[in-house]
Amino acid sequence: MDLTLSPQEQAFRDELRSWLEENNPGDEPAGDEAAFEFRRKWQRQLADAGWAGLSWPEEYGGRGATLIEQAIFNEEISRAKAPSVANVLGLVMGGPVVIAHGTDEQKQRYLKPILTAEEIWCQGFSEPESGSDLASLKTKAVKSNGEWVVTGQKVWTTFAHEAKWCMLVARTDQDVPKHKGLTYFLMDMEQEGVEVKPLHQITGEAEFNEIFMNEARIPDENIVGGEGNGWMVAITTLMHERVGIGLGSAVQLKIALGELMDQIRERGMEEDPIIRQRVAQIYIEAETIRLNASRGLTRTMKTGIPGPEGSLTKWQWSDANQALTELAMDVRGPEAPIVDDHWTYRFLRARANSIEGGTTEILKNIVAERVLGLPKLR
Amino acid sequence: MDLTLSPQEQAFRDELRSWLEENNPGDEPAGDEAAFEFRRKWQRQLADAGWAGLSWPEEYGGRGATLIEQAIFNEEISRAKAPSVANVLGLVMGGPVVIAHGTDEQKQRYLKPILTAEEIWCQGFSEPESGSDLASLKTKAVKSNGEWVVTGQKVWTTFAHEAKWCMLVARTDQDVPKHKGLTYFLMDMEQEGVEVKPLHQITGEAEFNEIFMNEARIPDENIVGGEGNGWMVAITTLMHERVGIGLGSAVQLKIALGELMDQIRERGMEEDPIIRQRVAQIYIEAETIRLNASRGLTRTMKTGIPGPEGSLTKWQWSDANQALTELAMDVRGPEAPIVDDHWTYRFLRARANSIEGGTTEILKNIVAERVLGLPKLR
Amino acid sequence: MNFDYSDDQQAIKSTAREFLASRFKLEKVRELAEKGEYDDGLWGQIAELGWPGIFIDEGAGGQDLGVLELTILQEELGYACAPTPFFSNAAAGLLVKHAGSSEQQERLLPGVASGEARGTVGVVTNGSAPLVPDADSAAFVVLLDNGSASVVETAAAQPEKVETIDSTRRFFSVGAGDGEALEGDVEGAVQRIEVALAAELVGVCQRAMEMAVEYAKDRKQFDRPIGAYQGVSHRCAQMLLETESARAATLYAAWTADNEPESLPLASSMAKAYSADAGWRVTASSLQVHGGIGFTWEHDLHWFLKRARTDGALFGSARSHRDRVAELAGLARSAAAV
Amino acid sequence: MNFDYSDDQQAIKSTAREFLASRFKLEKVRELAEKGEYDDGLWGQIAELGWPGIFIDEGAGGQDLGVLELTILQEELGYACAPTPFFSNAAAGLLVKHAGSSEQQERLLPGVASGEARGTVGVVTNGSAPLVPDADSAAFVVLLDNGSASVVETAAAQPEKVETIDSTRRFFSVGAGDGEALEGDVEGAVQRIEVALAAELVGVCQRAMEMAVEYAKDRKQFDRPIGAYQGVSHRCAQMLLETESARAATLYAAWTADNEPESLPLASSMAKAYSADAGWRVTASSLQVHGGIGFTWEHDLHWFLKRARTDGALFGSARSHRDRVAELAGLARSAAAV
């Protein structure tokens with residue numbers, strides 16, 4: 001067991017750190033449009049310096065980084081409070097899925113613009129009737145003379161209004177069981193049949209969109225992984241989503257907790273025994289998230305496939321972040337209901353943590369069934 | 001709404017209080033046998049003064065007391081720290097079931113000796129394989145020339161070693177669905193085929209027994225409520241069990257909390273903010289148990305049948321009593337593991353609170369299905 | 001003993017339920033909340049029903065009923081999440097009634113009872129009252145400054161709008177100007193206000209629970225209504241436990257206010273502490289049952305979630321009330337207690 | 001970075017698992033616990049395996065390995081709930097190793113390493129040490145009296161048997177006689193003891209969780225294995241979360257003890273605080289899954305429940321360790337903190 005970084009990992013981190021010190025553009029400008037252009041530019045900067053598509057093989061313009069290097073990257077980005085990139089989903093899911101399941105033509109066509117953020121990607125999986133039970137989705141794609149005609153609705157997509165391509169899972173065969181009739185498409189968002197509406201959340205912001213498809217068209221060659229294989233392709237994509245996220249989220253938790261401790265000291269509450277217990281518990285949770293994520297990483301590197309540990313850290317993180325933001329409200333005391341610059345937003349936003357990217361109930365099922373081998377309730 | 005006692009209720013309580021002041025025999029003597037004789041004597045005393053079989057109609061030697069009077073009785077007995085009676089199950093379940101479902105002969109035969117504790121009753125419902133799922137019980141009763149031959153095992157029976165009669169539910173028909181094939185018997189414990197073994201719990205004490213029946217005999221006339229009606233009879237009995245218990249348990253909680261507060265003051269911990277929060281929360285829980293129980297009582301008196309509120313108070317009580325005994329351990333600090341006169345026992349004993357008389361999981365199911373109307377998972 | 005509403009009280013409850021259901025449909029609540037406004041016409045109707053004066057003597061134009069009847073209305077107003085100045089006005093009325101001189105009562109209570117010269121209440125923390133509901137449209141503000149109360153004219157108080165997470169209620173900050181003191185039983189009045197607030201939280205819990213249960217019956221995932229999974233059904237059972245317990249504690253506190261005032265200090269803190277926790281846990285739990293849709297602005301649950309969190313912070317946190325419970329239950333006051 | 005045991009460490013773990021599984025079957029644990037005894041023969045075998053000296057220099061007859069290897073053994077001993085004096089002896093060894101002079105080390109460590117002249121440790125609270133494991137059969141007792149440590153000969157200490165809920169370990173009270181001081185790094189030693197205790201708790205959690213999961217698969221109610229109900233399966237998932245997190249925190253703390261001592265004070269308190277809570281919650285939760293049978297003396301679960309509760313109270317409560325975490329994480333020390 002060795003929790004220090006290897007010389008190569010060390011070198012990777014140092015290179016990244018000093019690069020970030022010189023190039024981190026700092027806070028985003030106000031206004032959604034401006035902020036997004038800012039992220040686009042930032043991603044291009046990263047791409048030019050070879051920091052985009054970290055996990056991608058070098059032949060596709062990536063860096064072929066190890067899982068640990070990816071984790072270090074997330075950690076350092078969080079620590080440096082660097083802005084997010086414009087094309088998150090393209091880099092984390094779109095690229096990997098095309099590389100894993102795409103044709104040579106598709107690789108030629110799609111990968112480069114993902115890296116440079118020329119073309120933004122979004123994800124069309126969830127539907128109003130299909131949240132946890134993804135395989136029950138209803139969006140229909142019917143083939144008529146060489147192209148697919150898509151009708152349906154998707155929700156909880158990010159950046160849909162900026163996106164050129166949508167990773168769309170739709171039902172292409174009504175007559176086979178749930179999981180079997182699905183196909184994975186790349187849908188051009190710039191067309192008649194696609195309408196994007198902002199989806200406002202309880203914070204007031206519209207971080208997500210709804211996509212309404214009314215006879216949208218997709219050429220046959222935009223299928224990824226073959227007709228009827230959509231479930232398999234989607235699942236592997238989702239697995240990519242979580243790898244190494246744990247470490248980044250642990251760092252973010254500790255940064256937020258640090259800000260909260262400043263508040264606590266400013267208010268002269270640092271000797272309050274109850275506040276101290278709550279702060280300590282959150283600190284410990286953040287550390288165990290970091291440590292569980294690292295252990296998962298080691299295991300994944302040995303086995304090659306991401307295990308269910310990701311479910312543990314995601315579940316832990318949502319609990320801890322909700323506890324943190326509730327403590328922040330309690331620290332503000334009688335004035336807590338007043339809308340302030342960011343704690344109010346964080347507090348309300350945190351309610352979704354135990355829902356987005358797998359509800360805590362589903363994560364517990366995964367742990368119970370896949371790790372503990374308890375019987376499925378089916 | 002009126003939370004004060006009516007003049008009659010007031011009179012009932014005053015009469016009981018002054019009677020208890022004169023007659024409460026105080027603490028039980030050491031030794032199981034001595035203690036049990038003590039309880040027998042105490043019950044006879046209660047019976048002679050007309051305080052036994054409170055809920056029973058007067059024609060059967062009871063007092064025909066209202067639910068509120070019964071609740072007052074439980075409350076006062078708890079407050080006076082009076083000993084328990086010897087024949088609890090006979091009074092609370094046996095009598096009522098015979099009165100509700102028994103023949104005139106059965107009423108003649110069984111009721112009086114229950115009141116006077118001449119004949120002790122025990123309950124033969126639970127089995128090793130049938131805890132929450134009572135209807136799955138396996139104990140078999142086969143009819144052979146006019147009498148029933150019983151073979152099987154029962155667990156978690158109290159006073160079985162002292163008991164003359166066992167309220168036994170056994171399967172008399174293998175060929176009909178679970179609930180249908182059961183019959184309710186009164187089994188004579190004083191016979192060859194019945195063996196009673198003590199069941200030691202994690203506290204070391206043996207509060208419960210196991211009953212092993214190997215071709216035990218029961219005459220046909222000892223069936224209550226008719227062959228095949230065992231489930232219905234048993235369920236109504238179980239309903240009687242919980243009525244008005246809530247108030248008594250709330251009083252007991254507050255007495256225990258009072259003792260704990262003495263400890264806290266002795267140790268100079270009364271200003272500890274964390275201890276104060278925990279004490280207050282338990283105090284509030286105890287009060288809400290009392291209040292929920294009272295509301296349930298009012299509702300039951302209007303509707304005539306005990307509602308599912310009993311499930312709420314029992315669930316609440318087990319949570320609160322576990323919290324109380326854990327707090328007591330924490331108050332004792334580093335010395336908590338040392339076995340003391342009674343906190344250690346209470347602490348370990350409390351672990352069964354969320355299991356005995358309906359696990360918390362089952363109680364939550366009952367509330368979800370019967371109160372909230374959520375779908376059954378069957 | 002009868003732990004249930006009388007027929008009259010039952011009638012008040014059902015009238016309130018019907019009235020609010022027809023006047024404050026969720027679309028209406030949303031319309032007002034998004035504009036951050038109240039509907040004067042509806043307030044007029046509420047005044048006609050005599051609600052603002054429910055606990056005020058007939059002499060002053062009230063109905064001469066008790067705190068229990070007040071909590072019935074408060075619970076229903078919470079159940080509807082109705083944007084109205086009812087609570088702030090009632091709070092001011094309770095202070096004038098219990099702490100005001102007969103002259104002050106004669107001067108101020110009629111306007112409170114008719115709803116035409118409303119009052120409101122602000123709690124002063126270092127020099128100003130940060131969260132005073134409805135101060136702009138009230139005729140007077142009662143300022144509470146540790147233990148003492150004084151009446152200030154709204155004009156003099158210079159209310160400034162404050163944005164809170166609960167946009168179904170309009171809050172203002174108010175500077176602590178000196179006004180005329182209320183010399184009477186301020187504590188008793190504040191405890192009654194706490195009970196009224198607890199009742200509102202009970203109504204919020206009830207509604208959030210009903211929304212969750214209804215959704216759990218309809219919503220299917222994996223070919224089953226989600227309410228069939230114990231992960232959801234046990235959650236809903238917990239909501240019921242906490243809602244019923246908050247209700248029981250609040251009913252009891254209201255009853256003591258009218259019938260057994262010596263028990264009110266303990267009862268009011270129990271009610272506020274329990275209801276504040278329940279309000280937050282039940283609404284947050286309901287959101288979890290709803291999943292994604294419960295997190296959207298277009299769904300109405302968030303009004304209740306935000307109201308619950310805000311009510312919980314007004315007139316003493318759960319923690320401070322628990323500390324008072326410990327005090328009154330027999331543990332000497334703690335210096336460190338917040 | 002490699003957050004996993006080396007092959008050697010893996011070998012130590014599997015040897016320990018096998019050895020303890022064959023020597024300390026649950027029947028054996030029960031036999032010893034009910035008699036309140038240890039098995040000297042088995043202790044001899046443990047000594048032959050070199051466990052007592054695992055972290056002690058070769059010069060003193062040890063294996064010269066680290067705290068990490070010690071925690072591997074401690075976790076397995078907890079998993080088996082094995083009644084042995086291993087922990088108390090190791091605790092004494094850690095104190096002599098880190099706080100003793102070279103003379104004291106040469107004199108005392110060989111007996112610790114061979115297991116033939118064992119030591120134990122007692123924490124003094126107002127004048128005496130109430131809970132000293134295995135004091136009767138130890139050669140010496142290290143007494144910790146706020147921050148300072150001194151060695152007392154067992155004879156002089158006059159140990160008296162104390163009955164605790166954990167009858168798989170033999171406890172004694174010891175009077176605080178004056179002995180020879182240990183002048184070195186007492187704090188560092190105590191922190192390593194806390195980590196060793198945390199590791200034992202991890203083993204207890206692992207076993208209690210496995211028992212619950214196994215039972216949940218076999219036990220049928222309402223024609224389903226109870227493990228198919230989320231009320232049970234989510235409970236088991238929670239056990240895994242807490243067990244794995246306790247393990248991660250403990251592994252990390254052990255690693256810092258051997259490789260990054262400046263991080264040990266914070267890491268050891270995190271490990272002990274988290275493991276103490278997890279130990280109790282996981283074993284109590286396992287009992288709930290077992291239902292009635294788990295509450296019987298004849299079932300073996302209670303040994304683990306009682307061991308967990310007792311370990312949790314030794315060398316600082318979860319609360320006191322959390323307070324230390326707050327301190328080291330950046331909040332100034334609190335007077336009120338317990």
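How many helices and strands are there in chain C? Chain C has twelve helices and nine strands. Keep in mind as you read that this is a predicted model.

Let us start with the overall form of chain C. A compact globule of 338 residues would have a radius of gyration near 20 Å, and chain C agrees because its own value is 20 Å. Its C-alpha atoms fill a box of roughly 70 × 50 × 45 Å along the principal axes. Of the 338 residues in chain C, 62% are buried. Now look at which residues touch each other: among contacts in chain C between residues at least 6 apart in sequence, 69% join residues at least 24 apart.

Next, find two helices of chain C that pack against each other. Helix H4 (residues 67–80) of chain C and helix H8 (residues 186–218) of chain C meet at an angle of about 40 degrees, and their axes are 7 Å apart. The crossing of H4(C) and H8(C) is right-handed. On the side of H4(C), the contact includes Val67(C), Leu70(C), Thr71(C) and Gln74(C). From H8(C), the residues taking part include Arg192(C), Val195(C), Ala196(C) and Ala199(C). Sorted by class, the contact of H4(C) with H8(C) has ten nonpolar, five polar and five charged residues.

An α-helix has 3.6 residues a turn, so residues three or four places apart point the same way.

Now move along chain C to helix H12 (residues 318–329). This helix has twelve residues and reaches 16 Å from its first C-alpha to its last, close to the 16 Å expected at 1.5 Å a residue. Is H12(C) mostly covered or mostly uncovered? It is mostly covered, with nine of its twelve residues buried. Among the buried residues are Ala318(C), Arg319(C), His321(C) and Val325(C). And what covers the buried residues of H12(C)? The cover includes helix H10 (264–290) and helix H11 (301–313) of chain C, together with helix H8 (273–303) of chain B. After H12(C) comes Gly330(C), whose phi is positive, near 130 degrees.

Chain B deserves a look of its own. Ala100(B) sits in helix H4 (residues 88–101) of chain B. Why does Ala100(B) count as partly exposed? The reason is its surroundings: Ala100(B) is partly exposed because it has 13 C-beta neighbours inside 10 Å, while a buried residue needs 20 or more and an exposed one has 12 or fewer. Ala100(B) and Gly225(B) are 125 residues apart in sequence, yet their C-alpha atoms are 8.7 Å apart in space.

Chain B also touches chain D. That contact takes 26 residues from chain B and 27 residues from chain D. On the side of chain B that touches chain D, strand E3 (147–157) and helix H10 (343–349) of chain B are the elements that give two or more residues. The residues on this side of chain B divide into 13 nonpolar, eight polar and five charged.

Finally, turn to chain A. Its secondary structure comes to eleven helices and eight strands. The radius of gyration of chain A is 22 Å, close to the 21 Å that the globule rule gives for 378 residues, so chain A is as compact as a globular protein of that length. The C-alpha atoms of chain A fill a box of roughly 75 × 50 × 45 Å along the principal axes. In chain A, 49% of the 378 residues are buried.

Definitions and conventions
Residues numbered from 1 in each chain as written. Chains lettered and ligands numbered in written order. Predicted model: local features only at pLDDT ≥ 70, side-chain atom pairs only at ≥ 80, totals over all residues. Helix = DSSP H or I, 4+ residues; strand = E, 2+ residues; numbered from the N terminus. Expected span 1.5 Å × (residues − 1). Contact = placed C-beta atoms within 7 Å. Nonpolar A, V, L, I, M, F, W, Y, C, P; charged D, E, K, R; others polar. Rg over C-alpha atoms; globule rule 2.2 N^0.38 Å. Axes fitted to C-alpha atoms, helices over the stretch in contact; angles between N-to-C directions. Left-handed = near helix turned anticlockwise from the far one by under 90°.
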